[in-house]
Amino acid sequence: MSDQHQNLAIIGHVDHGKSTLVGRLLYETGSVPEHVIEQHREEAEEKGKGGFEFAYVMDNLAEERERGVTIDIAHQEFSTDAYDFTIVDCPGHRDFVKNMITGASQADNAVLVVAADDGVAPQTQEHVFLARTLGIDELIIGINKMDIVDYEESTYDEVVEEVNQLLKQVQFNTDDASFIPISAFEGDNIAEESDNTPWYDGEILLEALNDLPEPEPPTDAPLRLPIQDVYTISGIGTVPVGRIETGILNTGDNVSFQPSDVGGEVKTIEMHHEEVPKAEPGDNVGFNVRGIGKDDIRRGDVCGPADDPPSVAETFQAQIVVMQHPSVITAGYTPVFHAHTAQVACTIESIDKKMDPSSGEVAEENPDFIQAGDAAVVTIRPQKPLSIEPSSEIPELGSFAIRDMGQTIAAGKVLSVDEK
């Protein structure tokens, strides 16, 4: 186990082998309980498919949940020499985008899976654009299913070129991208070098994951602690609980909760059932604030220093990417915005400009509507108070997902906040 942690998004088109890759990573790093593997091995042999029990690791998750074997789909964990990884989203998870954006699961880096036999697909494009918009720094690109194309170097090169074009289109720095020919199914170049690709001499996947840059903990930013729940605990009183996104929480600090607009002095901080004098980004804490009652604050509030309180938006301007919408989006549309732990209905008050996603240049000022595939700058008015920050100042509290009709419609980041 390492003490360094990374949130890793696994992105890419649905049929390009994300599940198999996640299964393979869990399998190769010994993160799947032995009894689960055993069970799959037996099932695989019965069906005459011995030898790829790890693929079953993913395939049978649904049944396992029914049988009461819990593996939380949204957060799989595995460890390498350098990092403990949490996989944000698992393939096919329909709230993928929301999970990738909100709060605790914001990804630091991503693995993009592109099938060698298929190349860049619509979802590949969408996910790369999303990763870029949400500020993912490094991209490891696994050109998967090399077994299907007979490990042909020329096919690999073609797909690499195609992905490079896509990265250039969305202004992703291609120097921050590494390409690896893999077969998640057969295990080529995942945990050990493959004899099937003698022409490849770069890093294998686990090495590339080990070499990712360490995420800088945002300790110098002001404290921002989105509240997940508020409990009443006998002998202590009201205890808000949440994960520190930025800054440091110390006992004795004067804090302010926004948008509830109440505050007080931090009396105690508890982590893993122990009292601690201070807590840092990534820590899940419960804390007690003098004079705050259970009805004064709620989930979706953000706690910050009293002298630098979290921003509360009257309106905010944001850049959004529309991923799916059955028709068109016009001014007046009021879906639900998910930002950190808050869920607030917000109205798109105006569509200020449509962007060309390939260049980031303005394609049209004040368009009448936007639709799936478009990127735009919009002005948004929350229907009830919402604490949110400009992405350039506090990225951890500057991104959001837009949901409607049971799906993620769009994702975005806050450009500026017009405070109440």
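Colleague: Is Glu 28 buried, partly exposed or exposed?

Modeller: This is a predicted model, in which local features need pLDDT of at least 70, side-chain atom pairs count only at pLDDT 80 or more, and totals for chains, interfaces and linings use all residues. Residues are numbered from 1 along each chain as its sequence is written, and side-chain values use heavy atoms, with hydrogens and water left out. Buried means under 20% relative accessible area, exposed over 50%, and partly exposed in between (1.4 Å probe, protein chains only). With a relative accessible area of 32%, Glu 28 is therefore partly exposed.

Colleague: Which side chain meets that of Glu 28 in a salt bridge?

Modeller: A salt bridge is a side-chain nitrogen of Lys or Arg within 4 Å of a carboxyl oxygen of Asp or Glu. Glu 28 has such a bridge at 2.7 Å, N to O. The partner is Arg 24.

Colleague: How many residues apart are Glu 28 and Arg 24 in helix α1?

Modeller: Helices (H or I, at least four residues) and strands (E, at least two) are DSSP runs, numbered from the N terminus. Helix α1 covers residues 18-28. Glu 28 and Arg 24 are separated by about one helical turn because their spacing in this helix is four residues.

Colleague: How many salt bridges does the count come to?

Modeller: Side chains of opposite charge can pair when their charged atoms come close. One of the bridges joins Lys 354 to Asp 374, at 3.9 Å from N to O. By the rule for salt bridges, the count comes to 10.

Colleague: How many residues apart in sequence are the parts that Arg 381 and Glu 314 tie together?

Modeller: Arg 381 and Glu 314 form a salt bridge, with 2.9 Å between the closest N and O atoms. Arg 381 belongs to strand β20 (residues 375-382) and Glu 314 to strand β16 (residues 312-322), so the pair ties together parts whose separation in sequence is 67 residues.

Colleague: Which residues are linked with Arg 381 in a network of salt bridges?

Modeller: Arg 381 is partly exposed at 29% relative accessibility, and Glu 314 is likewise partly exposed at 30%. The residues linked with Arg 381 in the network are Glu 314, Glu 349 and Lys 420.

Colleague: How many aromatic pairs does a search of the whole structure find?

Modeller: Rings of Phe, Tyr and Trp (its six-membered ring) pair if their centres lie within 6.5 Å; planes under 30 degrees apart count as stacked, over 60 as edge-to-face and the rest as tilted. The search of the whole structure gives a total of eight.

Colleague: How far apart are the ring centres of Phe 316 and Phe 337?

Modeller: Phe 316 is buried, with a relative accessible area of 1%, and Phe 337 is buried at 2%. Their planes stand at 85°, so the pair is edge-to-face, and the distance between the centres is 6.3 Å.

Colleague: Which feature does UniProt place at Ser 19?

Modeller: Ser 19 is in helix α1 and is partly exposed, with a relative accessible area of 29%. UniProt positions are given in the numbering used here, feature names are shortened, and annotations may be inferred rather than shown by experiment. The feature that UniProt places at Ser 19, in an unreviewed entry, is "binding site".

Colleague: With which side chain does that of Asn 109 make a polar contact?

Modeller: Asn 109 is in strand β4 (residues 109-115) and counts as buried, at 3% relative accessibility. A polar contact is a pair of N or O atoms within 3.5 Å; within protein, one must be able to donate a hydrogen and the other to accept it, and residues adjacent in sequence count only if both atoms are side-chain atoms. At 2.7 Å, the side chain in polar contact with that of Asn 109 is Gln 6.
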